[in-house]
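Biologist: I am new to this protein and would like to learn how to read its features one by one. Could you show me the model and then take my questions in turn?

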Amino acid sequence: MFPALNFLREPDLLGMTIRVLLALVCGGAIGIERTGKRRPAGFRTHILICLGAAMTTATSQYLYITMHYPISVSRMGAQVIAGVSFIGAGAIMMTKWQRVRGLTTAAGLWVVAIVGLCCGTAFYEGAVYATVLVLIAEVFFSKLEYRLLRETKEVTVYAEYAKPSCLEDIVSRCHTLGVKVVDLEVTKKSDASGNSCAVLSLLSRQGAGKGEILQELAGVDGVQTAVEA
């Protein structure tokens, strides 16, 4: 805590203006990174959530300190945490390859609500620190994660095939390539085609590379689609 900022923590017009502006800046800084990656919840969504959370806690303080209402200051903030979970759930989706997408965006929405609560309670230092750490995690750590995944020998393949015997051929082709089948999920498509689909988690320590695996599996008789999930 910086004592020099204590005059900005008062529930007056200046303090409220700083809280709102900081919420706008922090929410926008986190949201603009999501927008750059074409995520469903982007710049404006993060700003609105951060701003709404800040105003919720600021209003709670105003009702308790200025209006002397017998309310719990923390109760309204707790409802924000629960409410933003519904918004985050809307950012999570299941792809046709049976993979979950949007977890990072949902987590970012939850964190940006926490940042908004910090702004609303005039905990400026916490809001700024959290925003910087979130940006480091989303920008720099994501690049590190991508580099580690690119160097790994693991690959997840989504395959569609017309007859059950194709699955045996796919597994056999994987063994021929020196690839180990770590996990296998098989489902039936709901459309009229009657095709089946499988999601295979493959491990290739000494065997073929990702491109060769996809090319070989796509060439199996009866396989209609073989792409990385």
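Biologist: Which residue in β6 is the bridge partner of A159?

Modeller: In β6, that partner is A226. Helices (H or I, at least four residues) and strands (E, at least two) are DSSP runs, numbered from the N terminus, and two strands pair if DSSP finds at least two bridges between them. Here strand β3 (residues 154-161) is joined to strand β6 (residues 223-228) by five bridges, and the two run antiparallel. On β5 (residues 196-203), β3 pairs in the antiparallel sense over eight bridges, and there V155 has L202 as its bridge partner.

Biologist: What kind of model is this, and how are residues numbered?

Modeller: It is a predicted model, in which local features need pLDDT of at least 70 and side-chain atom pairs count only at pLDDT 80 or more, whereas totals for chains, interfaces and linings use all residues. Residues are numbered from 1 along each chain as its sequence is written, and side-chain values use heavy atoms, with hydrogens and water left out.

Biologist: How many helices and strands does the protein have?

Modeller: There are seven helices and six strands, and from the N terminus on the order is α-α-α-β-β-α-α-β-α-β-β-α-β.

Biologist: How many residues of β3 are buried?

Modeller: Buried means under 20% relative accessible area, exposed over 50%, and partly exposed in between (1.4 Å probe, protein chains only). By that rule seven of the eight residues of β3 are buried, so that the strand is mostly covered, while of the 229 residues of the protein 37% count as buried. N195, in the loop between β4 (180-188) and β5, is also buried, with a relative accessible area of 8%. Although N195 and A162 are 33 residues apart in sequence, their C-alpha atoms are 4.8 Å apart in space.

Biologist: At what angle do the axes of α3 and α4 cross?

Modeller: Axes are lines fitted to C-alpha atoms, for helices over the stretch in contact, and angles run from 0 to 180 degrees between N-to-C directions. The axes of α3 (residues 73-91) and α4 (residues 103-120) come within 8 Å and cross at roughly 155°. The two helices are therefore roughly antiparallel to each other, since angles under 35 degrees count as roughly parallel, over 145 as roughly antiparallel, 65 to 115 as roughly perpendicular and the rest as oblique.

Biologist: Which residues of α3 and α4 meet?

Modeller: Contact means heavy atoms within 4.5 Å. Among those that meet are V80, I81 and V84 of α3 and L109, W110 and A113 of α4. The residues of this contact divide into eleven nonpolar, three polar and no charged, where Ala, Val, Leu, Ile, Met, Phe, Trp, Tyr, Cys and Pro count as nonpolar, Asp, Glu, Lys and Arg as charged, and the others, Gly among them, as polar.
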